[in-house]
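Hello,

Here is the structure I promised to pass on to you.

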Amino acid sequence: MIEVKFYDEVDDAFLQFAVIISKTDGKWVFCRHRERNTYEIPGGHRESGEDITATARRELQEETGAVDFTIKPVCVYSVKGKTRINENEDDESFGMLFIAEIFSFEPLHSEIESILITDHLADNWTYPQIQPKLLEEARRRGYL
């Protein structure tokens, strides 16, 4: 079972990921990795020595082609349980959830096959036990 928790903050050293809930012109922006047929909220791994906000900015650009955007942190989240990231049920990984408004895009040059710009939330999630909870928490905190 996957457990998702939310925090106002944790020690920066624990933050491994940045996930960015994104919109453009009032529509949702999701991405589809070329090796999957599902959609996800843009995001990815933090590189060694990288500031977590820099991670969010880089991943948003790489996964959506965003070139002009605003971005701000929402909260810290953790995922506990066996996932593609966590090797066993007791592992817990931490990330920072962000929200972004994208004003312009450039063509994609990454592992992302395509982006989806839509009025509705995706229904075929890559991480169905995690991504809807991130959206729900951002909404609960007044960001959506």
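E2 is largely enclosed by the rest of the structure, because eight of its ten residues are buried. Please keep in mind that this is a predicted model.

Thr24 deserves a look of its own. This residue belongs to E2, which covers residues 15-24. With a relative accessible area of 6%, Thr24 is buried. A polar atom of the Thr24 side chain lies 2.8 Å from the backbone oxygen of Ile102. Leaving aside neighbours within four places in sequence, the residues in contact with Thr24 are Val29, Glu101, Ile102, Phe105 and Ile117.

Now to helix H1, which spans residues 52-64 and includes Glu59. Is Glu59 buried or exposed? Its relative accessibility is 6%, so Glu59 counts as buried, the cut-off being under 20%. Beyond its neighbours within four places in sequence, Glu59 is in contact with Ile20, Gly43, Gly44 and His45.

Helix H2 (residues 131-140) has Gln131, Leu134, Leu135, Glu137 and Ala138 as its buried residues. Those residues cover an arc of only 160° around the axis, so they lie on the same side of H2. The face of H2 turned away from that buried side carries Glu136 and Arg140, which are exposed. And what covers the buried residues of H2? The cover includes strand E1 (3-7), E2, E3, strand E5 (66-80) and E6. After H2 comes Gly142, which has a positive phi near 90°.

**The chain as a whole**

Stepping back, the protein chain contains two helices and seven strands. Read from the N terminus, its elements run β-β-β-β-α-β-β-β-α. The radius of gyration of the chain is 14 Å, close to the 15 Å that the globule rule gives for 144 residues, so the chain is as compact as a globular protein of that length. Its C-alpha trace spans about 40 × 30 × 30 Å along the principal axes.

Of the 144 residues in the chain, 46% are buried. The chain exposes about 7800 Å², and carbon and sulfur atoms supply 46% of that area. As for contacts between residues at least 6 apart in sequence, 73% join residues at least 24 apart.

Best wishes

How values were computed
Residues are numbered from 1 along each chain as its sequence is written. This is a predicted model: local features need pLDDT of at least 70, side-chain atom pairs count only at pLDDT 80 or more; totals for chains, interfaces and linings use all residues. Side-chain values use heavy atoms; hydrogens and water are left out. Helices (H or I, at least four residues) and strands (E, at least two) are DSSP runs, numbered from the N terminus. Buried means under 20% relative accessible area, exposed over 50%, partly exposed in between (1.4 Å probe, protein chains only). A polar contact is a pair of N or O atoms within 3.5 Å; within protein, one must be able to donate a hydrogen and the other to accept it, and residues adjacent in sequence count only if both atoms are side-chain atoms. Contact means heavy atoms within 4.5 Å. The arc is that of the directions from the helix axis to the C-beta atoms. The radius of gyration is taken over C-alpha atoms; the globule rule is 2.2 Å times the number of residues to the power 0.38. Accessible areas come from the Shrake-Rupley method with a 1.4 Å probe; for residues, only the protein chains shown count as cover.
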